[in-house]
Structures are given as structure tokens and as C-alpha cells.
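Hi,

Here is the structure I promised to pass on, with some notes below. Please have a look at it before you read on.

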Amino acid sequence: PNPLPSDVKTLSNNKLLMQCAEMQIENIRRTVEFISDDVASKSVEMLLSAKKVYITGLRSSLCVAHCLNERLNRIGVASEICVPESGQLVRTVRGMDSDCLLIAISFPRYPRRVLEIMKAAQANNAKVLAITDGLSSPLATVADLFIPCSYAALSFHSSAVGADFVAEYLVTAVSLADPQRAKHEFEAIGKIVSSFNANILK
């Protein structure tokens, strides 16, 4: 876990707010610096060529995994969340094959189960894309490709802002690469949502 700075408890709420904002802006800036053009392009190509995408993570990374899964489905990408502690885990991994892509998200202290899922996916000939902190990550040595991102935080937790920024980039790039698919899915979802009268704002 990240050490808690000694002066945090003495900060006013406004100064703490500003320090949090500055640190998360820095996380995004450093993440952009970490990612080469080649990695950015190849990661999008992996998503575009996959017939089915699975996404996994644990702890705060599972939140990013759920959001990325929802966003990909909304633009017409066949995506499924792979929850490491779910009773459906074995069935989900069993369904992975050479046409599939697994996106694994993890940061220190790297839950062992995420790495096990990556290895099981590769045993089924699925491609694996990791979102993690860098070359020292055990995910980087297993994945076919990894996207590095910064995860610094003022408190004891790891920030998910860098990883969520990467997820946002992937969704944006994929939707722009195939705008007709994204448009078709958006319109189809819109019709269903309208029939449910689901939203307060029309």
C-alpha cells in the first residue's frame, strides 16, 4: 500500500481536495507518457480482432473491469466480465479460445487469482492484454501485451484513475475505428431503454 504522507491530516479540506486533484491529473499525465504509440495501436487492434472480450480484475481493479465491460458492450463489442471469486469462473474460462481476448487489470499487490486466470486463458489460446503498472508487474511477463499506467494516491489505496483513463481511451479508439457498429448498438439500446421508460431525462 502507498504510504500516507505525514502532512495529510493537517491539511484543510480544500487543500486536500486540490492535492488529490493534482495527483490524479499527474497519474493521467504519467500514464500518457508511459504508453508508446505502438502499444496504443496494438491494444486497439487486439480489441478489434477479438470475437469475444473477457475482462477481469480484483479489488479496485474490478471496478474498472466492470466499467470497461459496460462501455464496450454499449458500442457493440461482445464483452463479458470475468469475476475471479465467482462460481461461474471455471465456465467462463472454459469458454475462452483463440478468437477471444482477455483484458486483465491489476496493481500491487497483484492478486494471485488474476494471474491464474491469465495463464488459463493462454492455455486455451486466448490473447491476453494487461493493464498494470509496468515491467516489474507479474502480469507484464505473462500478457501478450501490457499497457502501463500510474496508480499513485495520497492514501493507502491504489488509485484507479490511470487504469480508468486507459479504459476510456480503448473504448473511444474502438468506437472511432468502427463507428457504424457503435451507432447501431447505441440506437438498438436506445429503443429498448425508451420502451422501459427508464430515464427521467428524455
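Which exposed residues does the face of α2 turned away from its buried side carry? They are Asp 37, Glu 45 and Ser 49, where exposed means over 50% relative accessible area, buried under 20% and partly exposed in between (1.4 Å probe, protein chains only).

Before the rest, a word on the source: this is a predicted model, in which local features need pLDDT of at least 70 and side-chain atom pairs count only at pLDDT 80 or more, while totals for chains, interfaces and linings use all residues. Residues are numbered from 1 along each chain as its sequence is written, and side-chain values use heavy atoms, leaving out hydrogens and water.

**Helix α2**

α2 covers residues 37-49 and reaches 18 Å from its first C-alpha to its last, close to the 18 Å expected at 1.5 Å a residue (the expected span is 1.5 Å times one less than the number of residues). Helices (H or I, at least four residues) and strands (E, at least two) are DSSP runs, numbered from the N terminus. The buried residues of α2 are Val 39, Ala 40, Ser 43, Val 44, Met 46 and Leu 47. They lie on the same side of α2, because they cover an arc of only 155° around the axis, taken from the directions from the helix axis to the C-beta atoms. Among the elements they pack against are β1 (52-57), α3 (60-74) and α7 (161-177).

**Strand β1 and the cores**

In β1, 5 of the 6 residues are buried. β1 runs parallel to β3 over 6 bridges, and to β2 (residues 79-82) over 4; strands pair if DSSP finds at least two bridges between them. Ile 55 has Ile 103 in β3 as its bridge partner, while Thr 56 stands opposite Cys 82 in β2.

Ile 55 is also among the residues with the most contacts inside the largest nonpolar core, which has 32 residues. Such a core is a set of buried Ala, Val, Leu, Ile, Met, Phe, Trp, Tyr and Cys residues joined through side-chain atoms within 4.5 Å. Its largest share, 7 residues, comes from α7. A second, separate core of 22 residues includes Leu 58 and Met 118.

**One aromatic pair**

The structure holds 1 aromatic pair. Phe 107 and Tyr 151 form this tilted pair, 5.7 Å centre to centre with 40° between the planes (ring centres within 6.5 Å; under 30 degrees counts as stacked, over 60 as edge-to-face, the rest as tilted). The two residues are 44 residues apart in the chain.

Best wishes

Note on methods:
Contact means heavy atoms within 4.5 Å. Rings of Phe, Tyr and Trp (its six-membered ring) pair if their centres lie within 6.5 Å; planes under 30 degrees apart count as stacked, over 60 as edge-to-face and the rest as tilted.
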